[in-house]
Amino acid sequence: MPERALRATRGPGTGGGRYLQDIIHTLDRFWAGQGCLIWFPYDVEKGAGTMNPATFLRVLGPEPWRVAYVEPSRRPADGRYGDNPNRLYQHLQYQVIMKPSPDDIQDVYLESLEAIGLDRRSHDIRFVEDNWESPTLGASGQGWEVWADGMEITQFTYFQTVGGRECRPVAVEITYGLERLAAYIQGVEDIYRVALSPQMTYHDLFRRNEWEQSRYSFEVADVALMRQLFDAYEAEATRCLEAGLLLPAYDYVLKCSHTFNILDARGAVSLGERTSYLTRCRHLARRCADLYLEQREEAGYPWRDRWGEGPGAC
Amino acid sequence: MDFVMEVGVEEVPARFLPPALAQLEEMGWRALEEARLRPASLSALGTPRRLVLRVEGLPERQEPRVVKVRGPSRRVAFDEQGRPTRAALGFAAGQGVAVEDLVVEDTPGGEYVFARRLEEGGPAGQVLSELMPRLLGALEFPRMMRWGWGEFRFVRPVRWILALLEDRVVPFSFAGVHSGRTTRGHRSLHPGPLDVGHARDYLRAVTEAGVVLDPAARRLQIREAVERAAARAGGEVLWDEELAEEVTFLAEHPTAVEGRFEPDYLSLPREVIITVLRHHQRFFAVRVPGDPAALLPAFVGVRDGGEEGIEIVRAGYERVVQARLADARFFYGEDLKVPLERWGESLAGVGFLEGMGTLQDKVTRMEALAGFLAYSFGLDERLTAVCRRAARLSKADRATSMVRELPELEGVMGREYALRSGEDPAVAGAIRDHYLPRFAGDELPASLAGMVVSLADRLDTLVGAFAAGLEPTGSQDPYGLRRAAYGLVRILWAAGLRLSLGWAIEEAQAAYRQVLGRPELAQGEAAERVKGALLDFLRQRVRNLFGEQGIRPDFIEAVVGATDDVSDAWNRARSLQEAKDYPEFADALAAFRRVVTLAEKAEDDTVDPALLREPPERQLWEAYQACRPVARAYAEAGDWRRFLAAVATLRPAVDAFLDRVLVMAPEEPLRRNRLALLRRLADLFGLLGDLSRVLVL
């Protein structure tokens, strides 16, 4: 057992677990108690948990939905070769969707912090304005970043539009930054010293990945190939859409988005091209949103009443 | 009676709150007055989580009023004998008045019958329950949102409403929430619901639940607490009004927390430390007592909550500050790895205004424009080179990591990095200064080179924005063009720099043509239109500036169209302004104005001396010929004070002419000649400005 990991566990946290995996378990239990389906990361590269179909598609349309899952999110341009303790190529998000947003959602969220050891009386918990926009997804929302003792630990967003469609009912998205949260609870300043379990640290598991992915995104990725791939993925997404195949189409939209991010990190995208790439992604995302809405309508919105009764009804 | 309404919301953005409370107070007054429920006092208070309207001394009922209701027309209401018809009887009964009390009045649509009756006022509670939801619905915020099922819009989700008139709930519903008597305390100090029995108990109830409701009280409390905390840290707070305003609207129960960071970080530029603390954390910097320039390795933050766990909060604050400063030091080190000029090269990837190229294109244009301006102002070769170099490097810091992270450090880092890259200190100073003035009343660039680069930057932005059709409309000015134009005019005015704005605009347009390779930006109808519109736009800023300097509005109007040179216009306006205090001036002006008015009838300005028959006209002609070269020389030199003195010598001859010579003589040649003489005079006076605009007071 590495000594580093053991030292890392001394921190200000009081309740719940202290290893990153304990935090995930605690949040799973907590949000399951709020009626959330405990879901999984999606197996296509993406920049944020928002792009998991369990969020991007399910927040559309009239059907209620509650879900929580961990999402490893890749942001090629944020890679720092494992040198910077605060910027990562890949980071872990804990994503919660509650649709429609419950009236007491802020209190519920504060209780979730208490469950992982951040009690509101002895910490300074603040909701600081931060509105969110994703040009790739044609999405925007309003809300806050949540600060605990001056550190941003969560993005808290009421979706207003997704895929160019107005959200009604409105879903609230709560995205915990797991590394930072764990670092804070464990009392370490360097994310790489975060302990995931008694045996493994973030360093053990991800440092090599950070270096390799950074080197790939900034230096090695084949720009010409990435451009070809983008075009090919876009064409394939379009073909799938025309065949009425939503999920395969959406997979290729995610691939377009990630390919664009690599090109961007590689410094291969000029100003004019950037706009054009983003427009192409957004256009596909909109078509997926529209197709999803059509499919749900055709199916007669079968999940309409799933969260309509019993405790936690909204 | 006392009334209180509290709208409980999820955290409203701090910047929205002061204007929202001002609206609530103003609209609250107006609504109550219009509803004939004038209170003794009314105030709007609030925190991030609640908007509160407190009203005292409310009457129990609306004031009664006389209402006049129009009924049928007279012909329908009364028969030929003047007896009331059934229509009149029915109308009177419907209005609850006797038929004899109906009156007939003439209206634009003919004669009609009216009923007047005294309407009793409704009870205050009933009126308030109709008024309040409308009042809340009328509040405007820069951004609104939806939540839950998505049926309502407000600045943030509404979670509770308390509305009490004395001890009774005023029932209404807004944004899907029903009013009641329940409030909530501070989020951590008193998280549960709290019932309030009476409107006058409300303030005490929320205060006891940890909420400092009055923003003014919160602000005072913050100031005192922050000063004490800074003293505990061994220093003095670097007070920042803007930050204090924001912090006031970020907390319901402010408590100051001081913290420290590694003294090593003090090797960072002072502005970087202050900005990191303010921008990222909303913390105040702490300085060495008695030494405004030296910082201590300490800060003061304002927590929302009490003393509990304050050591944990302090440790958290210190950790974050330390991490932020570590980032800043990292950026600083990275940025210094290459000279500033190299950072400037990456501006090719940063867009300027839509369709107007990149920031690199912009600095290329600015460099050319700075050269032109330096030449116009007669700067020597060395200073011209400084201006051009500073323009070239003016935006380079935007590409650096520090400025990308903390945009408010633009200019500050430019100067710092320029010095570290071995640039001339004059260049470094001009890089920082070219952002000045940032707002009305802000300081101006300290050096001439700073002014030149600032002018070049503003001219370039204005020309580009107008060409792209982005000129401001109404109160919207997303690109800050009014501010840019005002700053431009203010620099020229304050430094007394002589510049034809028309030429400068043409030069800026030429730079666009050259750099972007688009001839239509400099030639043709569209370019002419841009120039005209921009000149008008700048003229409006000149009006504002001169007005603020106390120049009489009619003098401003007289000179503003006569020249496109701000300093020249200023000298003209000031000569008029100074002359107005001499008693002869009013008389002279009256005479000049008559000349100018009469001269409008002239067909040409050819004076035939042979036709000058009367002595006064000959004398005027001679006086004019003597005065003209002198006055013109003063005009050309821009010495308008002497110009005015020179033309004033014409006054006796003008008076004599106007008194004794019949201008509109019946003989056509004589009339024409006299009018031509007046035209010559008017043209001479007109060198100063459009005197027909000057009011004779």
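**Notes on a two-chain predicted model**

1. Let's start with chain A: its domain 1 and domain 2 have C-alpha centres that lie 25 Å apart. Domain 1 covers residues 3–206 and domain 2 covers 217–299, with bounds that come from an automatic or database domain assignment. Before going on, keep in mind that this is a predicted model, where local features need pLDDT of at least 70 and side-chain atom pairs count only at pLDDT 80 or more, while totals for chains, interfaces and linings use all residues. As for bookkeeping, residues are numbered from 1 along each chain as its sequence is written, chains are lettered from A and ligands numbered from 1 in the order in which they are written, and side-chain values use heavy atoms, leaving out hydrogens and water.

2. How do the two domains of chain A meet? On one side, 26 residues of domain 1 of chain A are in contact with 25 residues of domain 2 of chain A, where contact means heavy atoms within 4.5 Å. Together they bury about 2400 Å², with 63% of that on carbon and sulfur atoms. Buried area here is the accessible area (1.4 Å probe) that two parts lose on being put together, summed over both. Look for Leu57(A), Pro76(A) and Thr136(A): they supply 23% of the area that domain 1 of chain A buries against domain 2 of chain A, more than any other three residues.

3. Three salt bridges are counted between domain 1 of chain A and domain 2 of chain A; a salt bridge is a side-chain nitrogen of Lys or Arg within 4 Å of a carboxyl oxygen of Asp or Glu. Elsewhere in the list for chain A, Lys255(A) and Glu45(A) join their side chains in a salt bridge at 3.4 Å, N to O.

4. Now find Asp231(A) and Arg280(A), whose side chains form a salt bridge at 2.8 Å, N to O. This pair links distant parts of the chain, 49 residues apart: Asp231(A) sits in helix H7 (residues 223–242) of chain A and Arg280(A) in helix H9 (residues 271–299) of chain A. Helices (H or I, at least four residues) and strands (E, at least two) are DSSP runs, numbered from the N terminus. The scale is: buried under 20% relative accessible area, exposed over 50%, partly exposed in between (1.4 Å probe, protein chains only).

5. Over to where the chains meet. In this interface, 43 residues of chain A are in contact with 45 residues of chain B, and the area buried is about 3900 Å², with carbon and sulfur atoms giving 46%. Arg121(A), Arg126(A) and Gln142(A) supply 16% of the area that chain A buries against chain B, more than any other three residues. Between the chains there are 27 residue pairs in polar contact, both residues at pLDDT 80 or more, and five salt bridges. Asp103(A) and Arg159(B) form a salt bridge at 3.3 Å, N to O.

6. Chain B is divided into five pieces: domain 1 (3–61 + 123–208), domain 2 (65–119), domain 3 (215–275 + 284–320), domain 4 (342–549) and domain 5 (568–693). The centres of domain 1 of chain B and domain 5 of chain B, over C-alpha atoms, are separated by 68 Å.

7. Two salt bridges in chain B are worth a look. Arg30(B) and Glu26(B) form one at 3.3 Å, N to O, and both lie in helix H1 (residues 17–34) of chain B, four residues apart, about one turn of the helix. Arg36(B) pairs with Glu119(B), the closest N and O atoms being 3.9 Å apart. Arg36(B) counts as buried because its relative accessibility is 15%, whereas Glu119(B) is partly exposed at 24%.

Notes
Polar contact = N/O pair within 3.5 Å; in protein donor to acceptor, adjacent residues only side chain to side chain.
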